[in-house]
Amino acid sequence: MSGGHNRAPCGLVVASVVAVVALAVGSGTLVAAVANGQPSPVDGTFGAVSCSAPTAHGTTTEVTITDSGNSMMGQAPMMATLRANPDTVPAGQVSFVASNRGALVHEIVVLPLGGDGPGTRTTGSGGKIDEARNLGEASRSCAGCSGNDIAPGSIGWTTMTLKPGRYELVCDEPWHYAAGMFDVLTVT
Ligand SMILES: [Cu+2]
C-alpha cells in the first residue's frame with residue numbers, strides 16, 4: 001500500500017510513484033515526465049507515452065487515443081480516434097489503460113451503450129454529452145481514475161466491474177465525442 005495517500009476517487013489505491021518508462025521515444029524531450037505525480041508536457045513527442053500503468057486487475061483492454069491537433073477554428077480535434085483492444089472482454093473486473101498518443105488532452109468515460117448505437121449521443125452547446133450514467137473514467141495523467149484529463153504523452157487508467165452487455169467508451173472533452181471519439185466494448 002502507499003501509506004494511505006493517493007486514494008483515487010474511484011476507490012482504488014494507486015501507487016505513489018509511477019516508474020517512468022519511455023516507449024517508442026523519438027525525441028530527447030521525453031525525460032522525467034513524472035515528478036511528484038505531476039506530468040510535465042511532452043511537446044513534440046507524438047506517439048510516445050511517458051509513464052506506464054501498474055499491474056491491472058481483471059482483464060485489461062488497452063485504449064489508444066490519437067489526434068492530429070485542433071482544427072483551425074480551435075473547437076474540434078482533427079483525426080481523433082479512440083480504439084479499445086481487445087474490444088470484447090469477459091464480465092467481471094475490467095481495467096482500462098488509456099494511452100494518449102495525440103497532441104491534445106483526452107479522457108475515457110465508460111457508459112452503457114445507448115439504444116441508438118454508438119456515436120448517437122446528443123452533444124450539448126458546450127460540446128459535451130450527458131455523463132449521468134458514467135460507470136467510471138480514466139482522466140488523470142499517469143494516474144488512475146477520475147481527474148481533469150489525460151495529458152498528451154500520458155497514460156490514465158481505471159478498473160471497474162462490468163456485467164455482460166455493450167458499453168460505449170467515449171472522450172468527453174468538448175467536441176471530441178462529436179468528432180468521433182468513441183468505441184464500443186462488448187462484455188460477455
Ligand atoms: Cu478526446
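1. Start with a strand pair. S7 and S11 run antiparallel and are joined by four bridges. In general, strands of a sheet pair through backbone hydrogen bonds, either parallel or antiparallel.

2. Now look at the other side of S7. Three bridges link S7 to S8, and these two strands are antiparallel. Ile 108 has Ala 138 of S8 as its bridge partner. S7 is mostly covered, with four of its five residues buried.

3. Follow S11 to its other partner. S11 and S12 run antiparallel and share six bridges. Gly 165 is partnered with Val 187 in S12. Tyr 167 stands opposite Leu 185, also in S12.

4. S12 has a parallel partner too. Two bridges join S5 to S12, and the two run parallel. Here Thr 88 faces Thr 186 of S12.

5. Thr 60 stands opposite Ser 95 in S6.

6. Step back to the whole chain. How many helices and strands does the chain have? It has zero helices and twelve strands. Read along the sequence, the pattern is β-β-β-β-β-β-β-β-β-β-β-β. Among contacts between residues at least 6 apart in sequence, 66% join residues at least 24 apart. Of the 188 residues, 42% count as buried.

7. Next, the core. The largest nonpolar core has 41 residues. Those with the most contacts inside it are Val 63, Ala 98, Ile 108, Leu 169 and Val 170. Seven strands are listed as each supplying at least two core residues: S3 (59-66), S4 (81-85), S6 (92-100), S7 (108-112), S10 (155-162), S11 (165-170) and S12 (182-187). In soluble globular proteins, nonpolar side chains tend to be buried together.

8. Take Leu 169 as a close-up. Which residues does Leu 169 contact, leaving aside its neighbours within four places in sequence? They are Val 63, Leu 82, Ala 84, Ile 108, Val 110, Phe 182, Asp 183 and Leu 185. Two of these names, Val 63 and Ile 108, are also among the core residues with the most contacts.

9. Some loop residues deserve a check. Asn 85 and Pro 86 are joined by a cis peptide bond, with omega about 0 degrees. Pro 86 sits in the loop between S4 and S5.

10. Two residues other than glycine have a positive phi. Cys 142 has phi near 55 degrees. Its place is the loop between S8 and S9. Cys 142 counts as buried because 25 other C-beta atoms lie within 10 Å. Trp 175 has phi near 75 degrees. Trp 175 lies in the loop between S11 and S12. Trp 175 is buried too, because it has 21 other C-beta atoms within 10 Å.

11. Is Asn 134 buried or partly exposed? Asn 134 has 14 C-beta neighbours inside 10 Å, so it counts as partly exposed. Asn 134 is in the loop between S7 and S8. Beyond its neighbours within four places in sequence, Asn 134 contacts Val 109 and Leu 111. Asn 134 and Pro 112 are 22 residues apart in sequence, yet 8.0 Å apart in space, C-alpha to C-alpha.

12. Last, confidence. The mean pLDDT of the chain is 82, and 74% of its residues reach 70 or more. Over residues 1-9 the pLDDT is below 50; this stretch has 15 contacts in the model beyond near neighbours in sequence. Residues 12-44 also have pLDDT below 50, with 73 such contacts. Where pLDDT is low, the predicted coordinates should not be read in detail.

Definitions and conventions:
Residues are numbered from 1 along each chain as its sequence is written. This is a predicted model: local features need pLDDT of at least 70, side-chain atom pairs count only at pLDDT 80 or more; totals for chains, interfaces and linings use all residues. A nonpolar core is a set of buried Ala, Val, Leu, Ile, Met, Phe, Trp, Tyr and Cys residues joined through C-beta atoms within 7 Å. A residue is buried if 20 or more other C-beta atoms lie within 10 Å of its own, exposed if 12 or fewer, and partly exposed in between; C-beta atoms are placed from the backbone. Two residues are in contact if their C-beta atoms, placed from the backbone, lie within 7 Å. pLDDT is the predictor's confidence in each residue, from 0 to 100. Two strands pair if DSSP finds at least two bridges between them.
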